[in-house]
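Subject: Structure handover and findings

Dear colleague,

I am passing the structure below on to you, together with an account of what was found in it. Please look it over first, and then read the notes that follow beside it.

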Amino acid sequence: MSDYWNDRVRSLSPYIPGEQPKDRKFIKLNTNENPYPPSTKVIEAVKNAANEGLRLYPDPECTSFREAVAARYKVKPENVFAGNGSDEILAFAFGAFFESAEKGSKTPPVLFPDITYSFYPVYAKLWDIPFQPVPLRDDYSINIEDYKIAAGGVILPNPNAPTGMPVQLDDILSLAQYQDKNKKVFIIDEAYAAFGASSAVQCIDKNPNLLTVHTLSKSSSLAGLRAGFAIGNEKLIEALCRIRDSFNSYTMDRLALAGASAAIEDAAYYDEINNRVIATRERVTTSLRALDFNVLPSAANFIFIKPPKKSGKDFFAALREKGILVRHFNKERIADYLRVSIGTDDDMDKFINACREIICR
Ligand code: PMP
């Protein structure tokens with residue numbers, strides 16, 4: 001706290017990102033990064049863009065990247081918004097589509113699960129948007145019927161994070177139609193969809209209130225580049241541009257634009273590495289279940305697991321001592337669970353061996 005802070009800053013409760021260790025070398029399974037390198041075509045494109053052109057501002061419309069996304073997903077460039085990672089796009093979307101409390105108490109709350117990406121309540125508070133967490137079922141699945149109520153809008157990740165559990169496309173479409181009756185926007189955060197959930201991208205033309213949000217951080221191995229995009233009706237895209245251009249017109253720099261376009265164009269490479277991640281996830285799930293872990297069914301590049309015998313906090317500490325970093329959320333209902341990103345086969349073998357040793361000692 002400081003006397004210089006305004007009331008807004010005082011009332012914020014910022015998101016706490018997963019640890020990026022600097023002191024010691026860990027097997028890093030805590031922030032859902034892809035264990036495989038970006039496509040060589042991406043590295044080449046970034047190197048080629050590192051030239052005297054950096055003197056000039058980048059294209060504020062991110063045209064080349066949006067055209068690449070449009071071609072890949074069979075939509076029009078006007079249906080695509082580009083941004084500096086999907087966190088930025090989500091922040092803009094909360095500001096663009098969900099009403100602030102100052103508009104009066106008639107504004108119903110925005111809905112999202114009680115256990116979900118912990119940035120959603122942070123954005124809601126930043127924009128002063130009323131929100132209502134909706135409890136997951138006891139088995140941690142999303143019951144779509146719970147969201148068919150008067151709301152200021154809905155946001156769901158598919159698959160959900162940190163559980164990894166997917167939502168069926170039929171459920172998404174039925175909720176989109178329900179929320180459209182009151183002209184409310186339904187945002188689907190597809191950060192991890194490439195690892196096994198059904199994307200709703202192909203449904204945006206029939207559902208003008210549906211916005212899908214995507215990142216290159218996970219399935220394109222580019223967390224360090226900061227690139228993301230959203231796909232939706234062109235009026236939704238226009239709203240995001242209006243918010244962006246009220247903050248910062250140049251959210252993607254020249255290097256990011258070059259690398260992100262090259263990544264979107266190299267689907268063959270990324271399909272291959274992501275299929276490897278999926279195969280490793282299935283193998284690790286089987287091994288952990290044999291060790292009496294409860295492993296939620298995952299469609300993501302991470303698993304959400306409850307270790308036997310020890311608390312989540314103690315298991316997290318025991319793994320850390322062995323040089324393996326995972327994520328523990330000290331939160332009601334999930335304090336005994338750990339979120340484990342899927343690494344290389346070699347990393348995951350070390351992880352399983354460490355788990356076995358911790359349980360047996
Ligand atoms: N959505 C979800 C559900 C996430 O877990 C993350 C990663 N923390 C993001 C969005 C943001 O990804 P990025 O900003 O790296 O694109």
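A salt bridge here is a side-chain nitrogen of Lys or Arg within 4 Å of a carboxyl oxygen of Asp or Glu, and by that criterion the structure holds 15 of them. Please bear in mind throughout that this is a predicted model.

Salt bridges

Among these contacts, the side chains of Arg-320 and Glu-19 meet in a salt bridge with an N to O distance of 2.5 Å. This pair links distant parts of the chain, since Arg-320 belongs to helix α10 (residues 312–321) while Glu-19 sits in the loop between α1 (7–11) and β1 (27–28), 301 residues apart. Arg-320 is partly exposed, at a relative accessible area of 27%, and Glu-19 is likewise partly exposed, at 33%.

A salt bridge also joins the side chains of Glu-234 and Lys-76, at 3.8 Å from N to O. Glu-234 lies in helix α7 (residues 234–244) and Lys-76 in the loop between α3 (63–73) and β2 (80–83), so this pair ties together parts that are 158 residues apart in sequence. The relative accessible area of Glu-234 is 39%, which leaves it partly exposed, and Lys-76 is partly exposed with a value of 44%.

For Lys-322 and Glu-357, the side chains meet in a salt bridge at 2.5 Å, N to O. Because Lys-322 is in the loop between α10 and β11 (324–325) and Glu-357 is in helix α11 (residues 345–360), the pair ties together parts that are 35 residues apart in sequence. Lys-322 counts as partly exposed at 34% relative accessibility, as does Glu-357 at 45%. Finally, Glu-61, Arg-244 and Asp-245 are linked in a network of salt bridges.

The buried residues of α9 are Tyr-270, Ile-273, Asn-274, Val-277, Thr-280, Arg-281, Val-284, Thr-285 and Leu-288. What covers them includes α2 (40–49), α8 (254–265), β9 (294–295), β10 (302–306) and α11. Asp-292, which follows α9, has a positive phi, near 75°.

In helix α5 (residues 119–126), the buried residues are Phe-119, Tyr-120, Val-122, Tyr-123 and Ala-124. Their cover includes the helix α4 (86–97) and the strands β3 (110–113), β4 (131–134), β5 (153–157) and β6 (186–189). Just after α5, Asp-128 takes a positive phi of about 60°.

The four-stranded sheet

An open sheet of four strands runs in the order β9-β10-β13-β12, with antiparallel pairing, and its edge strands are β9 and β12 (327–328), each of which pairs on one side only. The pairing of β12 with β13 (residues 338–341) is antiparallel and extends over two bridges, and Arg-327 has Arg-339 in β13 as its bridge partner.

Technical notes:
Residues numbered from 1 in each chain as written. Predicted model: local features only at pLDDT ≥ 70, side-chain atom pairs only at ≥ 80, totals over all residues. Heavy atoms only, no water. Buried < 20%, exposed > 50% of the residue type's maximum accessible area, 1.4 Å probe, protein only. Contact = heavy atoms within 4.5 Å. Pairing = 2+ DSSP bridges.
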